[in-house]
Amino acid sequence: MKNKKDFAPLFFLSPYLLFFITFIIIPVGAAILLSFTYFNAIESPSFVGLSNYVSLITQDEVFMQKVLPNTLTFALIVGPGGYILSFILAWALAQIPKRARTILALIIYSPSMTAGVAMSVVWMIIFSGDQTGYLNSLLITLGILVEPIQWLQSPDYLMKIMIFVTLWGSMGVGFLAMLSGVLNINSEVYEAGYIDGIRNRFQEVIYITIPSMRPQMLFGAVMAVVGTFQAGAIGVALSGANPTPQYAGQLMVNHIEDYGFIRYEMGYAAAVSVVLLLIVYIFSKVAWKLFGEKD
Amino acid sequence: MSAFQGTKMNPTKFHKSQFKFYALLIPLAVFMALPIVYIIFHAFKPIDELFAYPPRFFVQKPTLQNFKDLFTQTNSTGVPMIRYLFNSIIVTITVVVLTVLISTMAGYALSKKEFKLKKAIFEINTLALMFVPAAVAIPRYLLIEKLGLINTFWVHIFPLLAMPIGLFLVKQFIDQIPNELIEAAKMDGASDFQIFIRIIVPLVKPAMATIAILSFQLVWNSVESSTLYVNDEGLKTFAFYMSTLASQATGNNVAGQGMAAAASLIMFLPNLIIFIILQSKVMNTMAHSGIK
């Protein structure tokens, strides 16, 4: 048996690899090469070595002072926040009967179903800057505010609103995977746990639920890391401009789009995206350490 | 008695001990549902309510006029709305079916087969998950041009078939299937293909349904391929048409606003329907399927 050449892996993998290599690996490889060039999308790229990276670190003040801190703040709040929220919700949903669970899960997942940009339309009405905006008119009626606040144009509020709206819409795939993970735990495991001395729901979650759904927890964690670092549309959609007012909501993806598609400095944009890739990679390694299989 | 509270996971009927979970979930669900309710009401608002000042959340005199306008409207190039819808449906069905199939096949090989490069392929796949699409737009365009896919139907389909997230998820699920189950099937003389169809597919249906939902949303909402790779109006998709309506509406096109509202409801509904159809699979427990 062992000496026989096994073609099965090739058979099962090749359709995936064909499309994966063509439409993902080759373009990504090309983008990495592009990051070492000056490329304005019209003339052919010219090799400039590491100078894109050097100027990113030494000259790009907007990147160092605004974009990078913004991205880290945003990701460190929305990532773990959304992750914990989706676990709690998935767990709570598992405690109620099927019919009610289905309806509530559908509603809770629904913000992720609508494209994020379409959703921002709703939030723009709520946070609208004049007194007709729902939030402004509510606060004025209650006597908390005297004058309407330009929520979405204000550097003080934009980031907070972005975090809020993103958390609200973050019950995506990670949430679905966790829900199926929680439901997949066999009740006998719990019974065995109680015989071994588990006393309350908290211990049950820590000692049984979480360890039993490691693959789903890992998937949720990786999705949280990837999703938050790749977010970018939300700030531009809410404030209606790229760059966002005083760069208050500028994330790395916006910076890439700013340089790539507004200034046509493709080489520089590619360098920023390689840096983003590295950051995401480091953070997901941490997630892997926390939830991955030990092998 | 209280010791067995913990086994009340996935309960079959209501019990007053569940009340605290409802108390958490229901207010949250109401809050989450706001925009959906808004989209639905918005689509049925007559013109004067769409522009009401201050804006109204609920519709007062619902009308179907927006939908009538949308269906009778043909844009400047004379392509009827129904053509875009037809394109979208064909593209979406093809992508969803093929993505689920090839991700599951690849997941099986990466999880249960031993071969060189196995670890490397999965590692690269995980890395690819992290790359930002915006950064690859230019190289991808050049590549698609080289392959001669510009202005073809395939350009909507091919770039979306390899879904690193899908492979990642399904591989994680297949890892949970005990090797003994597959060994036993081999002992009984099952071929790889039979193992895949009879054991793997039934057991990873929750993951497959999740990928289907994901890939559906991706392809149904995608405007990228129509914007970048297709010039022929008759080959573009509904999501693209919808985005042109929205941009017309930002001008002074008053009629466009109502059609955009109706179109956004039409965009949203299939997402909802697909989720409702597939959710029972997603939430299906493996406990009954013979894994444990």
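Predicted model: local features only at pLDDT ≥ 70, side-chain atom pairs only at ≥ 80, totals over all residues.
## Overall architecture of chain A

Chain A contains 14 helices and 2 strands. Its C-alpha atoms occupy a box of roughly 75 × 65 × 30 Å along the principal axes. Of its 295 residues, 55% are classed as buried. Among the contacts in chain A with a separation of 6 or more, 63% link residues 24 or more positions apart.

## Surface and charge

The accessible surface of chain A amounts to about 13400 Å², and carbon and sulfur atoms contribute 67% of that area.

## Annotated transmembrane regions

An unreviewed UniProt entry assigns the annotation "transmembrane region" to residues 12–39, 72–94, 106–126, 161–183, 217–240 and 261–283 of chain A. Two of these spans can be described from the model. Residues 12–39 of chain A are 82% helix and 7% strand, with 39 Å between the end C-alpha atoms. Residues 72–94 of chain A are 96% helix and 0% strand, and here the end C-alpha atoms lie 33 Å apart.

## A salt bridge between chains

Across all chains, the whole structure holds 7 salt bridges. One of the salt bridges pairs E123(B) with K285(A), whose closest N and O atoms are 3.4 Å apart. This pair crosses between chains: E123(B) belongs to helix 5 (residues 118–128) of chain B, and K285(A) to helix 14 (residues 266–291) of chain A.

Both partners fall in the intermediate class of accessibility. E123(B) has a relative accessible area of 32% and is therefore partly exposed. K285(A), at 33% relative accessibility, is likewise partly exposed.

## Salt bridges within chain B

Within chain B, the side chains of K118(B) and E114(B) form a salt bridge with an N to O distance of 3.5 Å. K118(B) has a relative accessibility of 16% and so counts as buried, whereas E114(B) is exposed, with a relative accessible area of 71%.

A further salt bridge joins D175(B) and K171(B), with 3.2 Å between the closest N and O atoms. Both residues lie in helix 8 (residues 164–175) of chain B, where they are 4 residues apart, about one turn of the helix. D175(B) is partly exposed at a relative accessible area of 28%, while K171(B), at 11% relative accessibility, counts as buried.

How values were computed
Residues numbered from 1 in each chain as written. Chains lettered and ligands numbered in written order. Heavy atoms only, no water. Buried < 20%, exposed > 50% of the residue type's maximum accessible area, 1.4 Å probe, protein only. Contact = heavy atoms within 4.5 Å. Areas by Shrake-Rupley, 256 points an atom, 1.4 Å probe, with all protein chains shown as cover. UniProt positions renumbered as here; feature names shortened; annotations may be inferred. Salt bridge = Lys/Arg side-chain N within 4 Å of Asp/Glu carboxyl O.
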